[in-house]
Amino acid sequence: MVRLCGLIFFLVFCSQTLADEQADLKALLEQRIIDPDLPTREVRAFTAARILPMPEVQTVQGWEKHRDRMRAETLEQVVFRGEAARWRDAETKVEWLDTMEGFAGYRIKKLRYEALPGLWIPALLYEPEKLEGKVPVCMNVNGHDGNGKAAVYKQIRCINQAKRGMLALNVEWLGMGQLTGENYVHYRMNQLDLCGTSGLAPFYLSMKRGLDLLLSLEHADPERVAVSGLSGGGWQTIIISSLDERVTLANPVAGYSSLLTRTGEPSDLGDSEQTPVDFATTTDYAQLTAMRAPRPTLLTYNSKDDCCFKADHALPPLLAAAGPIFKLYGKEANLRSHINNDPGTHNFEIDNRQQFYRMIGDHFYAGRKDFDATEIPCNLEINLKDDLHCSMPDENASFHSLALELMEPLPRQSELPTEKTQAAKWQTAGRTRLAEVIRAKKYDVQAIVAGEKSVGDVKATLWNLRLEGTWTVPAVELSKGKPTSTAILIADGGRATVASEAAALLTKGHRVLAVDPFYLGESKINVRDYLFALLVSAVGDRPLGLQASQVAAIARWARKEHSDAPVSVHALGPKSSLIALTAASLDDSSISGVNLSGSYGSLKEIIEKNMGANDAPELFCFGLLEQFDIRQLVALAAPRPVRFSQPSDCAKKELAGLDQWYATLGAQFDPLK
């Protein structure tokens, strides 16, 4: 009995001691090292420096040379990447449905058209009852309004166009109205990006096919083609009307600002489609505005906008960019702007609509004295949402279904060589290809001591790790006794969550370097974080590439700092695991091994779980799955050990047999044991 009591006392004592030690470590790891605003300032500076400025051109010919190159590069390198190039060439299919009659001077024809194979868009055509000759047409697009094509202010606009003798197409937007649902949420478009196909393409093709449809109509005048919309509809308007020369008049309403403006005004950042991958490497919204020259363009903004793109900061840079180009053509009057004060909020209400009607009158009905820009009352002609419903196929494609289809044959080169010489060549080529996919950097580290503390026999050094003067990675170095190796520790929840893991590593004789790379822990951006991460991709970099490059650089620094002692990386969580594995796959010397806890067994799990870029932007690295899955990344890191802690069934299935790969490289190791 005495022995039992003694044992119990000893176990309780040890448990309490361990708990106290972890509490002390947690307090050390929670020490703030950097200014809370620093990650935001750094990402703003990083992205702002990469926004393309307006070119200095002196002639129309000089501008058009730049414009044509910019348009071609944006379409080829941003919009129609991967499978989207095949979608681009598909036939525009239209199916006409019911017709609604009994309105004053017009009818409403319901229809649906195929934006890309399998993805149908419901739409309404407001058609004047009496049509003679060629008449103006307008594609009316809408933004983030759950009512979609049934939004009252949009119905009024379409009715007024029809009553003025125009053909008005009211198209549904992905994610709104009839196309609501989690599979159409805009952040799901990045699932396509992961597969190497542009997530922007469905948006663009929806607009392009809408124009195809309008211009195929017997009475459509190709010289009088307008596009207009609010918010996300304003974004659609500037995208299609700048990149598709068929649009002769455009009226984007509170829909966009320059990317440079957005770096300082986070409210303007917008969803994934607003900052698509690599968009800023070919153009900017200021340049898209200039691309409208000399075609009539009305830029409408709101003085008290309570959503985004407030007039005082969004409009001036656009006018400054586009104004001189319109002047080169001698068409300054074709560029107009309007600032709405009543109500001044995020709206396309009567004041803004009448400005649009006036623009239509001046350019589509020039010389017509009977044209009146005053809105024609039509409140009694507004239809209920259900009345405007268009029948749709039972199975309509979505971002998610398209991604599930795209991922099936990926990665493109899934088989690993079985001969040692070929395996080495595969690794060399693969590391080069991986570096290109993630836009890897070779950072040097400037280490600055931010403080030193000791708790018991644990010594802590707080570090500011400066990478090329661009990024600051906060780190806490923990040591006990005389460690002979270094363990870099990263976690999805940040270093403040790794006290127990740090204690275990210290007990095993490791020096622990707990770090928070880009976007994690203390390096979290404190305002609209994932939108800034998307902007990083838009300017041509990749969040995953920044994170993996930072970890690899820190591993090189740690190895040099501690006399070439081995450096391993330990990751907690699926995001950190991918970062650690990617860093090891890039670097064949500094990182001696990787330990992953909570890792995916396959990148396809990201799509199968139907995740969006707002959940974890670093997971949606453009084209990563097209080239590599987790299995191939482990193969790149070999023969160094890559261990999976408590691997999932998916990991067991996908990684089985990699011990043979290690054997091919002359090593004996099984990542699943």
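This is a predicted model: local features need pLDDT of at least 70, side-chain atom pairs count only at pLDDT 80 or more; totals for chains, interfaces and linings use all residues.

Me: How many helices and strands does the protein have, and what does the radius of gyration say about how compact the protein is?

Reply: There are 23 helices and 17 strands. The radius of gyration is 29 Å, close to the 26 Å given by the globule rule for 673 residues, so the protein is as compact as a globular protein of that length. The C-alpha trace spans about 105 × 60 × 45 Å along the principal axes. Among contacts with a separation of 6 or more, 76% are between residues 24 or more positions apart.

Me: What is the strand order in the open sheet of 8 strands?

Reply: In general, strands of a sheet pair through backbone hydrogen bonds, either parallel or antiparallel. Here the order is β10-β11-β12-β14-β13-β15-β16-β17, and the pairing is mixed. The edges are β10 (445-455) and β17 (642-645); each has a single partner strand, so one side of each is left without a neighbour in the sheet. From one strand to the next, the twist averages 20°.

Me: How do β10 and β11 run, and how many bridges join them?

Reply: They run antiparallel, and 10 bridges join β10 to β11 (residues 458-467). Within this pair, I448 stands opposite N464 of β11.

Me: Which strands does helix α2 lie across, and which does helix α18 touch?

Reply: Helix α2 (residues 38-48) lies across β11 and β12 (471-479), and runs at about 140° to β12. Helix α18 (residues 574-586) packs on the sheet, where it touches β13 (485-491), β15 (567-572), β16 (591-597) and β17. The direction of α18 makes about 160° with that of β16.

Me: Which residues touch the most other members of the largest nonpolar core?

Reply: They are M139, I239 and L624, in a core of 171 residues. Helix α17 (residues 543-561) gives the most to this core, namely 10 residues. Leaving aside residues up to four places away in sequence, L624 touches L194, L434, V437, I438, L544, L578 and L603. A second, separate core has 34 residues, including M100, L298, F371 and C390.

Methods:
Residues are numbered from 1 along each chain as its sequence is written. Side-chain values use heavy atoms; hydrogens and water are left out. Two strands pair if DSSP finds at least two bridges between them. Helices (H or I, at least four residues) and strands (E, at least two) are DSSP runs, numbered from the N terminus. Axes are lines fitted to C-alpha atoms, for helices over the stretch in contact, and angles run from 0 to 180 degrees between N-to-C directions. Contact means heavy atoms within 4.5 Å. The radius of gyration is taken over C-alpha atoms; the globule rule is 2.2 Å times the number of residues to the power 0.38. A nonpolar core is a set of buried Ala, Val, Leu, Ile, Met, Phe, Trp, Tyr and Cys residues joined through side-chain atoms within 4.5 Å. Buried means under 20% relative accessible area, exposed over 50%, partly exposed in between (1.4 Å probe, protein chains only).
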